[in-house]
Structure formats: C-alpha cells, structure tokens
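Subject: Structure for your files

Hello,

Here is the structure I said I would pass on. My notes on it follow below.

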Amino acid sequence: MASPGRSWSTLVATARNSSVGAPRLYRAARQAGASTTGAMDVLAASAAVLLLAARRGAGERGRQNAVRHFTWQAVLTGRHGIHVARAVADAQERGSTRLRDSAIDQRNNAAGQAWGHAHEQELAGRSLRKAIDVAFAAAMVKWAAGELAR
C-alpha cells in the first residue's frame, strides 16, 4: 500500500530509479575518482536528499525538484569535489527524454555545485546529515529569492 501523500505510481517509479540509478551513480562516482567509501557516501547523500526534499520541499510547483537538485549537488561538491559531483549529475541526466525537465535539473545542479564549492570547508567538516541540512536551508533561501530554475 502506498504511504500517505505518495501514489502507487510514484512508489513504483522510485523503486525503479533506485534499482537502476544507484549502480549508475556509484559507477560514475568511482570513475570520477571517489573511493569505494566515497561512492557509498554519494549514494547515501543521494537517498537522504531525495527523502528530505520530498518531506520538506513540497508545497509549491517545482520547488521539491529544484531544492533536491541544488542540495544534492551542493553536498556532493562540498564533500567529494566538483569532478565527482558533475560526473554523478551527468550520469543522472544521461538518457533523459524529458528535455525541459533535464535542462532545469542541470541549471539547479550547476547552482548547487557553485554553492557547494564556495562552502566546501563548511560542508566537508560536518556529518552527512548536518551538511544536507545546511545545503537544504541555502536551497530554500535561493528558491524564495527566485534564484533556482523552476
């Protein structure tokens, strides 16, 4: 049975993306130079940001997606460097048939990467959960200011 607020089709899509997406993101992180542990952290960050954005980012059209991509890439950049973050973002978008959505994702990914790079010391020195909280707060401010693609 679907959880409250989530349709069956959303749950199926999430499961499908997890089974296909996780290996793809792991490989991309490893190929970009992340250690095995680092690539696992990439997966943990990806899952945690997805859940956080679903819980706290919803409410306005486009906000959940925008803050998810910004937060995800900010955290990956701050913790693993720009090369890993870009490789993982590219792997996520590769093969997308939703060109407009992919273009929006890429703009928010780039904004997150720039912010993550600028705040690298702050993000790298925190636990994953704290790094995500800091980046998510920045994403919400940027959304409110109209700085994220919708």
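Among contacts in the protein between residues at least 6 apart in sequence, what percentage join residues at least 24 apart? The figure is 67%. Please bear in mind that this is a predicted model.

Overall make-up: the protein has seven helices and zero strands, so the order of elements from the N terminus on is simply α-α-α-α-α-α-α. Of its 150 residues, 39% count as buried.

Helix α3 with helix α5

Helix α3 covers residues 63-80 and helix α5 covers residues 99-118. The two pack with their axes 7 Å apart, at an angle of about 40°. α3 and α5 are therefore oblique to each other, and their crossing is right-handed. On the α3 side the contact is made by N65, A66, H69, F70, W72, Q73, A74, T77 and G78. On the α5 side, the residues are D101, I104, D105, N108, N109, A111, G112, Q113, W115, G116 and H117. Sorted by class, this contact of α3 with α5 has 11 polar, seven nonpolar and two charged residues.

Helix α3 with helix α4

α3 also packs with helix α4, residues 82-93. Here the angle is about 145° and the axes are 7 Å apart. From α3, the contact is made by H69, W72, Q73, L76, T77 and H80; from α4, by I82, V84, A85, R86, V88, A89, Q92 and E93. This contact of α3 with α4 divides into seven nonpolar, five polar and two charged residues. H69, W72, Q73 and T77 of α3 are listed in the contact with α5 and also in the contact with α4.

Helix α7

Helix α7 runs over residues 128-144, which is 17 residues. From its first C-alpha to its last, α7 reaches 24 Å, close to the 24 Å expected at 1.5 Å a residue. Which residues of α7 are buried? They are L128, A131, I132, V134, A135, F136, A138, A139 and W143. An α-helix has 3.6 residues a turn, so residues three or four places apart point the same way. The buried residues of α7 pack against α2 (36-56), α3, α5 and α6 (120-124). After α7 comes G146, with a positive phi near 75°.

In short, α3 packs with α5 and with α4, and α3 is also among the helices that the buried residues of α7 pack against.

Regards

Note on methods
Residues are numbered from 1 along each chain as its sequence is written. This is a predicted model: local features need pLDDT of at least 70, side-chain atom pairs count only at pLDDT 80 or more; totals for chains, interfaces and linings use all residues. Side-chain values use heavy atoms; hydrogens and water are left out. Axes are lines fitted to C-alpha atoms, for helices over the stretch in contact, and angles run from 0 to 180 degrees between N-to-C directions. Helices (H or I, at least four residues) and strands (E, at least two) are DSSP runs, numbered from the N terminus. Angles under 35 degrees count as roughly parallel, over 145 as roughly antiparallel, 65 to 115 as roughly perpendicular and the rest as oblique. A crossing is left-handed if the near helix is turned anticlockwise from the far one by less than a right angle, and right-handed if clockwise. Contact means heavy atoms within 4.5 Å. Ala, Val, Leu, Ile, Met, Phe, Trp, Tyr, Cys and Pro count as nonpolar, Asp, Glu, Lys and Arg as charged, and the others, Gly among them, as polar. The expected span of a helix is 1.5 Å times one less than its number of residues. Buried means under 20% relative accessible area, exposed over 50%, partly exposed in between (1.4 Å probe, protein chains only).
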